[in-house]
Amino acid sequence: RAQKKLPIGFGLCSLTPSQVLSLLHQPSMFSCPETRCPSPTIASVTAGASRFLPAVTVFRCSSVSSSWREGASEALQAIEEVDLHNFAHVEDAAAARLIQACPHARRVNLCSCRRVRDDAVIAVAKYCLSLQELNLTGNPNVTVQALDEIVRNCPRLMSLYLAGCDRISETHIVGKYARFCDIFDEEEEGPWTA
């Protein structure tokens with residue numbers, strides 16, 4: 001049978017549990033080929049639909065019920081990008097919990113997350129071993145020790161964005177982290193070339 005894909009704007013978190021249950025009775029709308037289940041459950045619908053939502057939205061859906069939590073957990077396992085740059089007030093512990101739930105994240109954006117400290121960055125180093133890009137721009141609290149954990153544990157790391165990280169010295173950026181940072185000499189190249 002043909003699978004219908006949910007549109008990107010599908011607002012799963014705005015549905016009530018009874019609306020989700022009514023969707024479950026439309027087998028042509030959802031399928032779960034990974035598990036070959038004959039009739040979808042709330043968890044499988046949540047997991048399938050969550051693939052089209054940002055990680056933060058999926059994480060929020062996990063508080064609806066245990067079935068939604070199960071589906072959100074499954075969906076978060078597959079997420080490759082965690083983008084928290086619009087969440088300036090996110091606390092370190094909350095960011096760490098979200099990152100821990102996304103072990104396949106390749107890109108993590110904590111730009112301007114001024115309350116994020118080393119715990120969230122160490123969670124990235126511990127759980128996101130396929131990390132390729134980490135953006136910490138504008139984060140005054142991250143230390144060299146946390147970045148050392150990233151470099152040590154994430155062998156696929158290609159890019160670090162560290163502008164405005166007050167606790168990371170320029171010596172460290174142009175030294176031990178240079179291979180991950182796009183560094184240019186403003187006097188030679190000018191700010192217009194960045």
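## Pocket, helices and residue pairs

Strand 4 (159–161) and helix 8 (170–174) each contribute at least two residues to the lining of the second largest pocket. The model is a predicted one, in which local features need pLDDT of at least 70 and side-chain atom pairs count only at pLDDT 80 or more, whereas totals for chains, interfaces and linings use all residues. Residues are numbered from 1 along each chain as its sequence is written, and side-chain values use heavy atoms, with hydrogens and water left out.

The second largest pocket holds about 370 Å³ of space. Its lining consists of 15 residues, of which A163, I173, C181, D182 and I183 are the closest to its centre. A pocket here is an open set of points on a 1 Å grid over the protein atoms alone, where a 1.4 Å probe fits, with protein on both sides within 12 Å along at least five of seven lines; lining residues have an atom within 4 Å of a point. The volume is the space filled by probe spheres set on the points.

A163, one of the residues closest to the centre of this pocket, is found in the loop between strand 4 and helix 8. With a relative accessible area of 51%, A163 is exposed (exposed is over 50%, buried under 20% and partly exposed in between, with a 1.4 Å probe and protein chains only). Leaving out residues up to four places away in sequence, A163 touches L136, T137 and G138, where contact means heavy atoms within 4.5 Å.

In its overall architecture, the protein has nine helices and four strands, which are DSSP runs numbered from the N terminus (helices are H or I with at least four residues, strands E with at least two). Along the sequence they follow the pattern α-α-α-α-β-α-β-α-β-α-β-α-α. Of the 194 residues, 42% count as buried, and among contacts between residues at least 6 apart in sequence, 69% join residues at least 24 apart. The accessible surface comes to about 10,900 Å², with 51% of that area belonging to carbon and sulfur atoms (Shrake-Rupley method, 1.4 Å probe).

In helix 5 (residues 92–100), D92, A95, A96, L98 and I99 are buried. These residues lie on the same side of helix 5, because they cover an arc of only 165° around the axis, the arc being that of the directions from the helix axis to the C-beta atoms. Helix 6 (118–127) has D118, A120, V121, A123, V124 and A125 as its buried residues, and these pack against helix 5, strand 2, strand 3 (133–135) and helix 7 (144–153).

In helix 7, V144, A146, L147 and I150 are buried. The buried residues of helix 7 fall within an arc of 160° when seen down its axis, so they line one face of the helix, while Q145 and R152 are exposed on the other side. The cover over the buried residues of helix 7 includes helix 6, strand 3, strand 4 and helix 8. Within helix 7, A146 has 0% relative accessibility and counts as buried; not counting residues up to four places away in sequence, A146 touches D118, V121 and I122.

V82 lies in strand 1 itself and counts as buried at 1% relative accessibility. Neighbours within four places in sequence aside, V82 is in contact with A55, L98, C102, A105, R107, V108 and N109.

| Residue pair | Separation in sequence | C-alpha distance |
|---|---|---|
| I79 and A105 | 26 residues | 5.9 Å |
| V82 and C102 | 20 residues | 7.8 Å |
| A163 and G138 | 25 residues | 6.2 Å |
| A146 and R117 | 29 residues | 8.8 Å |

One backbone detail concerns S112, which has a positive phi of about 65° although it is not a glycine. S112 is found in the loop between strand 2 (107–109) and helix 6, and at 33% relative accessibility S112 counts as partly exposed.
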